Amino acid sequence: MAMLKIKKGDLVRVITGRDKDKEGKVISINRKKNTLLVEGINMITKHTKPSMANQQGGIIHQEGPIHISNVMYVHKGKPTRVGFKMEGDKKVRFAKSTGEVID
């Protein structure tokens, strides 16, 4: 499995599709399908039956998965590509536009 350059909690910008140029925080990542859920992006409508968890049922709006290739990491307000480099004996992510270490 390939190393993913975006992690949970990162701020990303959508670069293509219906929600182009919107930004949000990554909620979760599906490594097998290379998709992620972004806060407020790709909202879908789901019809649910009443259950113990949701007594009333009805229409729920929630985030849908978006492919990881359709988003870019946002560093200091601008989207940038992400790379890896060795810093001492530790592998770290860095922003390719500025060369600064992300984490």
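Tutor: In this predicted model, six strands form an open sheet in the order 6-3-2-1-7-8, with antiparallel pairing. Strand 6 (66-67) and strand 8 (78-80) are at the edges with a single partner strand each, so one side of each has no neighbour in the sheet. Strands here are DSSP runs of E, at least two residues long, numbered from the N terminus, while helices would be runs of H or I of at least four; two strands count as paired if DSSP finds at least two bridges between them.

A word on conventions: residues are numbered from 1 along each chain as its sequence is written. Local features need pLDDT of at least 70 and side-chain atom pairs count only at pLDDT 80 or more, whereas totals for chains, interfaces and linings use all residues, and side-chain values use heavy atoms, with hydrogens and water left out.

Back to the sheet. Strand 1 (residues 11-14) pairs with strand 7 in the antiparallel sense, over three bridges, and Val14 sits opposite Val71 of strand 7. That Val71 also turns up at the largest pocket: along with Lys5, Ile6, Ile68 and Val82, Val71 lies nearest the centre, out of 13 lining residues. Strand 7 (residues 71-75) gives the largest share of that lining, three residues. The volume is about 240 Å³. For the terms, a pocket is an open set of points on a 1 Å grid over the protein atoms alone, where a 1.4 Å probe fits, with protein on both sides within 12 Å along at least five of seven lines, and lining residues have an atom within 4 Å of a point; the volume is the space filled by probe spheres set on the points, which are joined across faces, edges and corners.

Then there's the hairpin. Strand 9 (residues 82-87) and strand 10 (residues 90-95) run antiparallel, joined by six bridges. Met86 has Lys91 in strand 10 as its bridge partner. Two residues lie between the strands of this hairpin, and Gly88 takes a positive phi near 75°.

Zooming out, the protein chain has 10 strands and zero helices. Its radius of gyration is 17 Å, well over the 13 Å that the globule rule gives for 103 residues, so the chain is more spread out than a compact globule. That radius is taken over C-alpha atoms, and the rule is 2.2 Å times the number of residues to the power 0.38. Along its principal axes, the C-alpha trace spans about 55 × 30 × 20 Å.
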